[in-house]
4 protein chains.
Amino acid sequence: MLLVSCPDRPGIVAAVANFVAGLRGNIITAEQHTDDTTNTFHQRVVFSAEALTAAEIDASFSVVAEEFDMKYAVREPGWRPRTAILVSRQTHCLADLLSRAFSGELPVDVVAVISDYTDCQEFVVKLGYEFIYLPVEQDRAAQEARLLATLKELDVELVVLARYMRVLPAEIVNTWREQMINIHHSFLPAFVGANPYRQAHERGVKVIGATAHYVTEELDAGPIIEQDVVHVSHRDNPDVLARRGRDLETLVLARAVRAHLEHRILVSGNHTIVFS
Amino acid sequence: MLLVSCPDRPGIVAAVANFVAGLRGNIITAEQHTDDTTNTFHQRVVFSAEALTAAEIDASFSVVAEEFDMKYAVREPGWRPRTAILVSRQTHCLADLLSRAFSGELPVDVVAVISDYTDCQEFVVKLGYEFIYLPVEQDRAAQEARLLATLKELDVELVVLARYMRVLPAEIVNTWREQMINIHHSFLPAFVGANPYRQAHERGVKVIGATAHYVTEELDAGPIIEQDVVHVSHRDNPDVLARRGRDLETLVLARAVRAHLEHRILVSGNHTIVFS
Amino acid sequence: MLLVSCPDRPGIVAAVANFVAGLRGNIITAEQHTDDTTNTFHQRVVFSAEALTAAEIDASFSVVAEEFDMKYAVREPGWRPRTAILVSRQTHCLADLLSRAFSGELPVDVVAVISDYTDCQEFVVKLGYEFIYLPVEQDRAAQEARLLATLKELDVELVVLARYMRVLPAEIVNTWREQMINIHHSFLPAFVGANPYRQAHERGVKVIGATAHYVTEELDAGPIIEQDVVHVSHRDNPDVLARRGRDLETLVLARAVRAHLEHRILVSGNHTIVFS
Amino acid sequence: MLLVSCPDRPGIVAAVANFVAGLRGNIITAEQHTDDTTNTFHQRVVFSAEALTAAEIDASFSVVAEEFDMKYAVREPGWRPRTAILVSRQTHCLADLLSRAFSGELPVDVVAVISDYTDCQEFVVKLGYEFIYLPVEQDRAAQEARLLATLKELDVELVVLARYMRVLPAEIVNTWREQMINIHHSFLPAFVGANPYRQAHERGVKVIGATAHYVTEELDAGPIIEQDVVHVSHRDNPDVLARRGRDLETLVLARAVRAHLEHRILVSGNHTIVFS
């Protein structure tokens, strides 16, 4: 699988297709998108090329890439990243992700669940996953340092923030750039900040949402991967809004993680192209 | 039909039901809602009481209302308000509303379409409606004064801002308080301000929305009546977003106007209860 | 809490409200619905009446009920029924329900998970729930008899069919009438029968759905409790449709179970009133 | 623009891309889809090739097409087909389509509105469109013959059935094969036949839909172009369902017509690929 971004100009599609044909490969799916506003071409090409490894494909593609000034990545379809899930007190997203990992529906290798609370410990341990408790005591920086060390030690490729309620330091965010997914309990950019369901109730909105995004240094402003909404009404008090929100958060995060695992996401500037 | 709001306490429902029974009326539908956060009771009761006029019902209900410190309104079901539609250059909402008025689907008496441009004039006139052209020349205040005078002269009960792109002065807003509905080309409170579809594209949102609300002095902050959303993707450039947005705006505004015409909306603080 | 159904006529709402007032109770929420086509009145009244038990309320309400020819039920809010979940090979709905039960989000007491396969056994047992394996060997009737005996022995009040792929005999269905909820992997009444996602793909539908309903003797024709849909496209092959369908089934079943647990559902003829 | 379908095999994408490159064209967007179940490749390629006409492109592409056994069509982007809208008594879809045509939002040249009733006549005539009244008197076949003659005489390329309530004879259907779009007042394949909203109410569905499809000889079974749904509840009687259905029908039909006008639809077997 090949993910490609470059300035748009004639001949790119032909060059990529000829490259695959030259490997005696067959293109299974190819999706492309040109962003008019930036004149940037993006493509995701899934192809079969039996005997070749990703490294071999990578080496031979570099010639094409150079000609068109491409950023590109070669991915193998059976990817199963070492994954850490970070969570605070609310366990709905975590429970869903672990259930999907347990049943094999999501191809992830959950190497640890890390939390600043113990609310989810029993569930995690019973299912046989590693639980790491990293509370914040007096010193927030100390906890962050331990978190970074833990993630490095575990050799984690993907970090999922499944309702982890702390802002992470730049060093962690930048180490897992485009490899760290957060679920935001709101339809960004509305209701940034605390207590969104109370805000939503007071404002009397008729729709609530949830947003999964890559984490960047600027809080809640990273590239959006997936959003969804449900209709609500005056009958829904803040508690009911929160409950509906939880179901939405769960689903939106699971979809975003899946899109990431299937290499469907290209980041361009501050937004994503999510090939379907 | 009776619309009632009052501080919550035991006995309200019984008092209203006994009142209707005392008129030898039959309750056809009754919906109620108690807002926990403000401890306010709201009710909409549709009942039959054959021989009585709204004025008679009003007079006899005042005793109940006093006891429970109620704000209330008696409405007659066949309401068909004198309505002005204000519009600037985009005609999609206007065309929809006029088509619905023309066919009788929406029970409104459109007494005039008022615009600061002439884009919609031909459509309006061909369908046989009054078109009033109120351009802003040098003097914005002068246009506003003419607009106010026109609305008063026409004896307008309901004002629909169908993509009218000017902020209205307080005097107009307050004269048609809870009788003036605006369609906002966005999912409020996100993307307040100009060019929301470009903002949405740059932010890479996966959902766009539209919001119909009563107009208050604070711009775009009045009680929300109706919202809806559609899913979008990276494939949708700002033009396509705008087009999808137009269809959404059209539908959301039509629904809000209908809810208003059917007396389904109670305003409480800065939000609405929309009985279904 | 009081659930009431009776032929519509003047005075019902007043009679119920006066009954509650007579108990010195306060109506917290009351929703009512009159079905025009059958002229039937339905109401759900949640009220506080501090010192009284359900039995006492029941006894004193019977006078009102008789006068209006009412079917009614008095429910206590903290209901936590003994529940069996039946499942075959697909575990997504089960995993979600158990996670919600485990975290306390759903107020159910899951006394057993019963399956004709062992696919879910590990997950169930690890979480500490009882797993009962009831395979169908030569004799289907024998398995059904054991199932009935097991459910009776466990004194089960609620049965959830979480992708249990066998038709149940009338005796079981009728014993848990309006206490047995099934999730159907389709938007009923379309695509009744096997392999709905393949059918949906071949027909090229642009929307798929899932339906939760009470189980009746007529297969897949019981009162619908909850339905939802997702948009799909030609890009979604039957496997992807099935995956999206699973997420939908999970959510729709959880919502239906919650509505049942909160006594929000009244069955009328072959459809439901689900008070919100 | 090039629409291509052929048996899948290696080299197709490269061949098409090389063809465009050979014209010194630039691919603006290319979407492709391979249907696994039939092993068929579909592609829609929008490209710039300044000096060339569709006929010239067609001629030079035939070599590629032959090699890969392709069905293909060359389309020009500014298409504005001569269109007839057929309608019976309900005017909501018609009013919407005419408004969109009038404002220029939909690039169609509406050469006539044809009806077996006169309900819409006033609206059509006022807006300046041709209205043709073709009632069915004693003889249905006679009306059908006149309809066919009229459509031919008008040299119609696209026929939109905007709630036209008669089954059309095979000769008409086959003459405008894949050029005749119908809106069905239901979520096909559920509730085929008369009075779907009454059926839906009796069945107590929680979601209703509408379906736009190409017309084929088998009633309501042609390739689906677009579907959408809205949530409903027990509170919606058949009249309200019908009203919500009308809004849905209007929107779904408009989207389907737009997709057709933009050459986004490929028909494959009995389903469509609608490129976005």
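**Close-ups of a predicted four-chain model**

**View 1. The two domains of chain A.** Chain A splits into domain 1 (2-74) and domain 2 (82-274), with bounds that come from an automatic or database domain assignment. Their centres, taken over C-alpha atoms, sit 32 Å apart. Where they touch, domain 1 of chain A puts in 8 residues and domain 2 of chain A puts in 6; contact here is C-beta atoms, placed from the backbone, within 7 Å. On the domain 1 side, strands S1 (2-7), S2 (26-35) and S3 (40-48) of chain A each give two or more residues, and S3(A) has the largest share with 3. That side comes out as 1 nonpolar, 5 polar and 2 charged residues. Nonpolar means Ala, Val, Leu, Ile, Met, Phe, Trp, Tyr, Cys and Pro, charged means Asp, Glu, Lys and Arg, and the others, Gly among them, are polar.

A note on the model: it is predicted, so local features need pLDDT of at least 70 and side-chain atom pairs count only at pLDDT 80 or more, while totals for chains, interfaces and linings use all residues. Residues are numbered from 1 along each chain as its sequence is written, and chains are lettered from A and ligands numbered from 1 in the order in which they are written.

**View 2. Where chain A meets chain B.** Here 27 residues of chain A contact 27 residues of chain B. On the chain A side, helix H7 (196-203) and strands S10 (207-214), S11 (224-231) and S13 (271-274) each give two or more residues. S11(A) gives the most, with 5. Helices (H or I, at least four residues) and strands (E, at least two) are DSSP runs, numbered from the N terminus.

View 3. S2(D) (26-35) and S3(D) (40-48) run antiparallel over 9 bridges; strands pair if DSSP finds at least two bridges between them. Ala30(D) has Val45(D) as its bridge partner. The hairpin leaves 4 residues between the strands, and Asn39(D) in the turn has a positive phi of about 55°.

**View 4. Helix H3 of chain B.** H3(B) (92-103) has 12 residues and reaches 17 Å from its first C-alpha to its last, close to the 16 Å expected (1.5 Å times one less than its number of residues). Of its 12 residues, 9 are buried, including His92(B), Asp96(B) and Arg100(B). Buried means 20 or more other C-beta atoms, placed from the backbone, within 10 Å of a residue's own. Just after the helix, Gly104(B) takes a positive phi of about 85°.

Terms used. Contact = placed C-beta atoms within 7 Å.
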